[in-house]
Amino acid sequence: MTPVWKRWLPAAVVPAVIAGGALLGTVQAGAATDLPDKTPQEVLEMVANSSVRSLSGTVEQSSELGLPQLPTGGPSGESDASSGIPSGVASALELLSGSHTARVYLDGHSRARVQVMDRLAERDVIRNGRDVWLYSSKQNAAAHLILPNASTSEEYHGDKAWTPEDLAEHFLSSVEPSTEVTVGSDSEVAGREAYELVLTPDSSETLVGSVSIAVDSETGLPLSVDVQARGQDAPAFEVGFTELSLEAPSDDLFNFTPPPGATVTERVVKDHHAKHAKGDRGEHSKDYVKYGSGWETVIGLPADEVPAEFMDSPLIAETAQEVDGGRLLSSALVNVFVTDDGRVFAGPVPLEQLQAAAEGR
């Protein structure tokens, strides 16, 4: 997924940081079914060869990470000052607590619409080519931006944002030779028969206990993902379709005109794509530094790249605990360490590893 598109897509961002919750019932796999047996390798190949590019459906997501629920829509401190729309960071922090519902429409590589359903309100993100609109019905405010030219290329995958496929890709990329990969019980998700692919890390240095991915038996499309924290039986994070159609959505869904009276803000998007480089300790970019690999990956943000709304979020300002060298936001699946000099380190690992990354050890 393009860093630019990910940056601006509320709620779909930061799977590497938000590695983690349970929406029992609606998202949970349905009645048992009996599919022809497949090996783990065969199910992995189904996912790799999936070619679904058009769909519409309802996605449910919930987190049970032991953190307090943030108010949806956010206080003014979490929102863009000019438009009142929660920023990508503020919306991503919302995913750390509570449950969320979204309608998702995808058509090809460059057309997508996500409608996040808040209580008595709705937030929309609509992408049509390089044009992106963000709209909050609560604020009756819209923001418009144009993605850099490179976002029209195949390497930009905003089309899969806010779907189980996006999160499944993240976890499958974490699979190492030591990871145990098995096929669990067949199930039914959103009315479709599915294989259950189970990833179990063989590492004591990650908070992730296991990841279960429901894979559509016909198309290989991931239908749901649930993540269990180490030592816990119930999922700590779950995202999945409750309704799904594989027919192309109507063209009208990707056109947006701000409602009468709406406040409209034009935003400028910087193109960070060409500025990425490699460093000695890991993958570096202007935005972040990656330490480690696989299930023990830590993402570090320099102080000048940490958005102000992140520090102002109630989760950080009111919940983070004082620790050596800074403050810690601790949860079942992911820890976030804010150093005294304003840097941020996050990952599905214990505090000690975040402190080591901060100290360059």
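The protein exposes about 15400 Å² of accessible area, and carbon and sulfur atoms supply 48% of it, where areas come from the Shrake-Rupley method with a 1.4 Å probe. Please keep in mind that this is a predicted model, in which local features need pLDDT of at least 70, side-chain atom pairs count only at pLDDT 80 or more, and totals for chains, interfaces and linings use all residues. Residues are numbered from 1 along each chain as its sequence is written, and side-chain values use heavy atoms, with hydrogens and water left out.

Of the 361 residues in the protein, 54% are buried, a word that stands for under 20% relative accessible area, while exposed stands for over 50% and partly exposed for what lies in between. The protein has seven helices and 21 strands, which are DSSP runs of H or I with at least four residues for helices, and of E with at least two for strands.

Let me turn to the loops. D34 sits in the loop between α1 (3-8) and α2 (40-48), and D34 counts as exposed because its relative accessible area is 70%.

Now, which residues have a positive phi without being a glycine? One of them is N140, with a phi of about 45°, which is found in the loop between β5 (131-136) and β6 (141-146) and, at 22% relative accessibility, is partly exposed. Another is A190, whose phi is about 50°; A190 belongs to the loop between β8 (187-189) and β9 (192-200), and with a relative accessible area of 24% A190 is partly exposed.

Technical notes. Buried < 20%, exposed > 50% of the residue type's maximum accessible area, 1.4 Å probe, protein only.
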